[in-house]
Amino acid sequence: MSSSTVEPTLPPPDRTTPEPPPREAHLARPHHHHPPAGRRPWNRLACLADLAGLVDAHALALLRATVGIVFVGFGVLKLFPSASPAEQLAVDAATKMTLGLVPETVLLLALAALETAIGIGLIVGRRLLRPALVAFFLHMGGVFSTLVLLPDAMWQPHSPAPTMEGQYVVKNVVLVAVCLVVAANEWGRHPRPRRRTAG
C-alpha cells in the first residue's frame, strides 16, 4: 500500500490588482508644466510670424498708402514757392513739353494739384484707385522724359552717371514697381468680362 503526499496548490495570482510602480519611476519622468488654456507663452519667433502675417494681409494697402503719402507730400510742397527742391526741374521739363505756351506759375500749380490728387486717390483707394493709377503712370512718363529733355541737368558731362537731379528722377523706378503691383492686383481682381462671339 503506497502512500502519496499531496502538495498544496497555490491559488493563481490575482491579475486584477495592478502592481505598484517602482519607487524610482516618478523620478525618471520629467515634469511638464503646461500653460493654462487660452494663454500662449511669449515666443519671439511666434511674434515675428504674427507680424509677418499681418503685413502680408495688408501689404497692398501699405504699398498704396506709402506711395500716396509721398505724392501728397511732394504735391503740397510745390504749392509753396521754393519749398520743393525739384520745383525748377519740374517746371523746366513741363515748359519744354508744352512748348512754352503755358506760364510757369500755372504749370507748377497744375503739377502740385496732379500729384496731390494722385496721392489722395492711392490712399483712399476704392473708386479713386484706378483713375489715380492711370494718372500716376502718365505722370511718370512725363517725369522720366526729363532724362531726354534735360540731358545737361540729368547726366554728368562725359559720363553716363546721373547727376543729383538725375538720381532724383531715376529713383522713381521703385514707385513705378510698387504701383505696377497694385495695378496688377486691382485689374486682376476685377477682370473685364469677355464678349461672347456668335457661334
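**Entry 1, basis.** I worked from a predicted model, in which local features need pLDDT of at least 70, side-chain atom pairs count only at pLDDT 80 or more, and totals for chains, interfaces and linings use all residues. Residues are numbered from 1 along each chain as its sequence is written, and side-chain values use heavy atoms, with hydrogens and water left out.

Just after α4, I noted a positive phi of about 60 degrees at leucine 99.

I located lysine 78 in the loop between α3 and α4. Lysine 78 counts as buried because its relative accessibility is 5%. Leaving aside residues up to four places away in sequence, I listed its contacts as Ser84, Ala90, Leu108, Leu111, Ala112 and Glu115 (contact means heavy atoms within 4.5 Å).

I recorded a volume of about 490 Å³ for the largest pocket (the space filled by probe spheres set on the grid points, which are joined across faces, edges and corners). Among its 27 lining residues, Ala90, Leu111, Glu115, His139 and Val143 are the closest to its centre. A pocket is an open set of points on a 1 Å grid over the protein atoms alone, where a 1.4 Å probe fits, with protein on both sides within 12 Å along at least five of seven lines; lining residues have an atom within 4 Å of a point. Helix α6 gives the largest share of the lining, 6 residues.

Conventions. Helices (H or I, at least four residues) and strands (E, at least two) are DSSP runs, numbered from the N terminus. Buried means under 20% relative accessible area, exposed over 50%, partly exposed in between (1.4 Å probe, protein chains only).
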